[in-house]
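The following note sets out numbered remarks on the fold, for reading alongside the coordinates. Each remark treats one part of the architecture.

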Amino acid sequence: MSDGRIIAGEYVGWDNIRECFSLDPSVSYLNHGAFGAVPLGVQRTQQRLRDEMEANPQRFFGQSLTERLAHTRRHLAAFLGADPEGTALVGNTTTGVAVALQSLGLRPDDEVLGTDHGYGAVNYSVARECRRTGATARSLHLPLSATDTQLVEIVRAGLRPGRTRLLVVDQLTSATARVLPVAALVAVAREHGISVLVDAAHVPGMLPVQVDAIGADFWVGNLHKWGYAPRGTAVLVVAPRWRDRIEPLVVSWQQASGFPGNVEWQATLDYTGWLSAPAGLYTLRSLGLERVRAHNAALAAYGQRVVGDALGVPPADLPDPGGPGVAMRIVPLPPGVAGTLEGAGALRARIADRLAAEVSVMAWNGQGWLRLCGQVYNTPDEYDRLATRLPALLAEG
């Protein structure tokens, strides 16, 4: 184990890194991007905090909890290149999106512009806020094969100055695993005084980022996917001009303190997951941040290649993520397979039950797509096994 690392106080070699996770060894877990996987060291950190909380709840909640949350916030913000004074801990990306949307003060003549790569739950949140306020939601089609320059021009042409109030874009799309040029899109929107919300659910831990340099009005990212934090850990980063207008979804005792405290404090919420998030980043750094990123991206690319080959997809037809370091790749499924949300869900369940492999199956624009992730606990043979067995499963209909 000459290539070992210290991981949350435990010595582990790269070859047996899977032992640092609680994953079922009989399952090929190729869907880290869905719910993440929490390293054992981080689980134990959270359990120690839970033990502390249960030993004396009054002391845990009543003494210095806000200061501990602020310390965690500063730690995570520094990792992301964000201003800690404009960063709030939230439960997940969709929670942060909901906070931003309800703080905008949309009016009946306003429009929220998104893209057809947007995450479903975010789309639902936009639709709900538009129904509540009388605003309109509209979506732009962004072709998978478009270059960054073409994407920027499509968005530029789709903006309606004086009508479009908010542009919602993904930094790394969930359904199509595509990196979008968010800094350039923010700049285009700013030319017309249009606010921008960036859904960066998959970015923290996977891709290097300097949030403040992007210049978005709102930026939301999960730490519980690629940052190894316990589930329910995300951050909402808000530009200075919006901070005194942020309204939390739940009003509690920190309301008078303003953002970010009024968003973070939710009375008897279990805060131990948030407080454990720095242990997740410690694990990531202990393994070697750049090494993890390169390893995961290479595995995802390998999986896309071998599964695509097994399904008869020419290499030129395998979508490129539009940037280096992406640890998620998609493969088009045969025509008529998983082209609906229901069909995609059914196929995902069949693959899990029959092939002992957890993957994501997406329906995007009437086409079924298989999404594969790469993570430190994965190995090439897991993608090989899936590639060998998947065509027969699909042939069954």
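1. An open sheet of mixed pairing is formed by 7 strands, in the order S4-S10-S9-S8-S7-S5-S6. Strands here are DSSP runs of E with at least two residues, helices are runs of H or I with at least four residues, and both are numbered from the N terminus; two strands pair if DSSP finds at least two bridges between them. The edges are taken by strand S4 (87-90) and strand S6 (136-140), each with a single partner strand, so one side of each has no neighbour in the sheet. From one strand to the next, the twist averages 20°.

2. The model is a predicted one, in which local features need pLDDT of at least 70 and side-chain atom pairs count only at pLDDT 80 or more, whereas totals for chains, interfaces and linings use all residues. Residues are numbered from 1 along each chain as its sequence is written, and side-chain values use heavy atoms, with hydrogens and water left out.

3. Val168 has Leu197 in S8 as its bridge partner.

4. Buried means under 20% relative accessible area, exposed over 50%, and partly exposed in between, with a 1.4 Å probe and protein chains only.

5. H5 lies across S4, S7, S8, strand S9 (218-222) and strand S10 (234-238), and runs at about 165° to S9. H6 also packs on the sheet, where it touches strand S5 (111-115), S6, S7 and S8, and its direction makes about 150° with that of S6. Contact means heavy atoms within 4.5 Å; axes are lines fitted to C-alpha atoms, for helices over the stretch in contact, and angles run from 0 to 180 degrees between N-to-C directions.

6. The two helices also pack on each other. Helix H5 (residues 93-103) and helix H6 (residues 120-133) have axes 10 Å apart at an angle of about 20°, which makes H5 roughly parallel to H6. Angles under 35 degrees count as roughly parallel, over 145 as roughly antiparallel, 65 to 115 as roughly perpendicular and the rest as oblique. The crossing of H5 and H6 is right-handed, meaning that the near helix is turned clockwise from the far one by less than a right angle. H5 contributes Thr94, Val97, Ala98, Leu101 and Gln102 to the contact, and H6 contributes Ala121, Val122, Ser125, Val126, Glu129 and Arg132. The contact residues divide into 6 nonpolar, 3 polar and 2 charged, where Ala, Val, Leu, Ile, Met, Phe, Trp, Tyr, Cys and Pro count as nonpolar, Asp, Glu, Lys and Arg as charged, and the others, Gly among them, as polar.

7. Another open sheet has 3 strands in the order S11-S14-S13, with antiparallel pairing. Strand S11 (328-332) and strand S13 (360-364) are at its edges, each with a single partner strand, so one side of each is left without a neighbour in the sheet. Its twist averages 35° from one strand to the next. Helix H12 (residues 289-310) lies across S11 and S14, at about 10° to S11.

8. In this sheet, S11 and strand S14 (residues 367-373) pair over 5 bridges in the antiparallel sense. Ile330 stands opposite Arg371 in S14, and Met328 has Cys373 in S14 as its bridge partner. S13 and S14 likewise pair in the antiparallel sense over 5 bridges, with Trp364 opposite Gln367 in S14. S13 and S14 form a hairpin with 2 residues between them, and Asn365 in the turn has a positive phi of about 55°. Of the 7 residues of S14, 6 are buried, so this strand is largely enclosed by the rest of the structure.

9. A further helix pair is formed by helix H13 (residues 341-355) and helix H14 (residues 380-395), which pack at about 120° with axes 11 Å apart. H13 and H14 are therefore oblique to each other, and their crossing is right-handed.
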